[in-house]
Amino acid sequence: NCLVAFVVAFSFQSLFGSTMRLNAWWIVALPSLPLCQSHPLNLLDALQQAPSNQLLEAAKLLEAAEDLENFDRKLPSAKPSEPQRPRVPRRFRADTKFVSNPAMAGVGPGMFAQDADEKFLRIEEVRSFPFGNQYFSNLLLANEAYTITGGNHSICRRLPMFGMQKFVDLFAWAASPLLSEYAGERTVAGRVCSQWQLRSKNHSLSLCADGDIPVELNMTSSISGIPSATSYQFGPLVTGEQVPQSLFVKPDACEELAPPCESGRGKGPVVLEAYVFHPAISTGDYNIEDQDIADLEGDAFFICADRMMNQSSSTIDHNYTRISHYLLEISPAFGQYAVCNGYPDTSPPGPACFGGDPRLVGKEAPFFVGDGESRCMDKSPSGFWFSVPKAGRCPAGQSPSSTAASSGCTWSIQKRLKTIQQSCLLQTHRFLELCKEGMPKSVAALRAAFTSEELASGGCPDVGGPNEEDLALVV
């Protein structure tokens, strides 16, 4: 009989990408590998041969370690100079300091808590940006995964397309001679610890421990040639029954959607000039139902990151060739932002939306920044992203009413104002160079591209698109 290591996906924060107006996640998977019980060292061979661009490619294999321990007689023998392998407490909590680079580089406070016996894990991070703070938490309750953002006004989503979807013990591998190898002593934040590396081709996972106490957990990867690393440095541990059970309780925000913004209740529609980066293979690619769109600042922010960080053909939704400008009427009673992805002509095809209100227009500041993701704020330094659900679209000729917070349609298209070739903005006007110079210049360049038709003035010609009659056939 053969034990099979299933595909694993481990989330790693980078700049957001694809159509999803959120900080995206690099998803990496380890192909299923047959691990025949008669040959336990096949596991080690598989690890050593794993592609170097897979983040935590052995994460799921860690679940096989207990079974493989039945073959102690075949395990690599410890060297006399090696310290005892760490056996991290099964249930612990610690404040952390995380460090990530180069993508979304930063240093910030956090918290790490797990109960390996109950298969519970909670990782919290706070990232500070010039445009606000991002509050982020991953909660894994056995086979249930929740992404929690928004700080004091929490917003909770289940996002099956990325991130860890079930509990995996990130420490147990270090106790196995088959899976770990000693790499010497290190000093981390003034603490001396023993370094243990996963026996993999690229050492994508390592743990520095002081006896059984974790000091630093490191994860590295290279996706599309872009190296990335993140580490968690652990403060003093609280263990066993001293760890509050409340850390592993699903919050109320995971049971219901965020309510409509009170500031928008009872108000009529407001005008939104919306922008969207999209394919143009067929008429359906111009349909913005169940898509994520943005205001001027928000789309400049998105396009910069999307083009700079996700240029691999292996990443979905990178057959974008157009940027369109729409005039909408929307209800200001904003609901929970939906993570939407895909068009009829992308691979995989879409659209598909997760974690948002099915009727209300969703709204957030990029990167989930701010309390409540800044959903009910009037201004954001980096603009706003919006989700426009199909179920909330008004029939032709109608607009949202002042009662849209509780019933009825929530958004309507007044007109598609202009569509440009992305190459005009990105190549002709060297948009990516302006992105590196900061938001003001990239926003100004995007504004100029739609304001003028003259290349000499920074403008781009309108390439047109399907008329309303054609769009009505695909809505």
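A polar contact here is a pair of N or O atoms within 3.5 Å; within protein, one must be able to donate a hydrogen and the other to accept it, and residues adjacent in sequence count only if both atoms are side-chain atoms. With that in hand, here are my notes.

1. Ground rules. This is a predicted model, where local features need pLDDT of at least 70 and side-chain atom pairs count only at pLDDT 80 or more, while totals for chains, interfaces and linings use all residues. Numbering runs from 1 along each chain as its sequence is written, and side-chain values use heavy atoms, with hydrogens and water left out.

2. Confidence. pLDDT is the predictor's confidence in each residue, from 0 to 100. The protein chain averages 81, and 76% of the residues score at least 70. Residues 1-73 stay under 50, and the model has 214 contacts (heavy atoms within 4.5 Å) beyond four places in sequence for that stretch. Residues 312-317 are also below 50, with 14 contacts beyond near neighbours in sequence.

3. Overall make-up. I see seven helices and 22 strands in the protein chain; these are DSSP runs numbered from the N terminus, helices being H or I of at least four residues and strands E of at least two. Of the 475 residues, 55% count as buried, meaning under 20% relative accessible area, with exposed being over 50% and partly exposed in between (1.4 Å probe, protein chains only). Among contacts between residues at least 6 apart in sequence, 67% join residues at least 24 apart.

4. Have a look at S180. This serine sits in strand β9, residues 180-188. S180 is buried because its relative accessible area is 0%. Leaving aside neighbours within four places in sequence, S180 touches R85, W173, A174, W196, Q197 and R199.

5. Then Q233. You'll find Q233 in strand β13, residues 226-234. Q233 has 18% relative accessibility, so this residue counts as buried. The Q233 side chain makes a polar contact with the side chain of E216, at 3.3 Å. E216 is also among the contacts of Q233 outside four places in sequence, along with D95, T96, K97, V188, A189 and V215. For T96, the C-alpha to C-alpha distance to Q233 is 5.4 Å, although the two are 137 residues apart in sequence.
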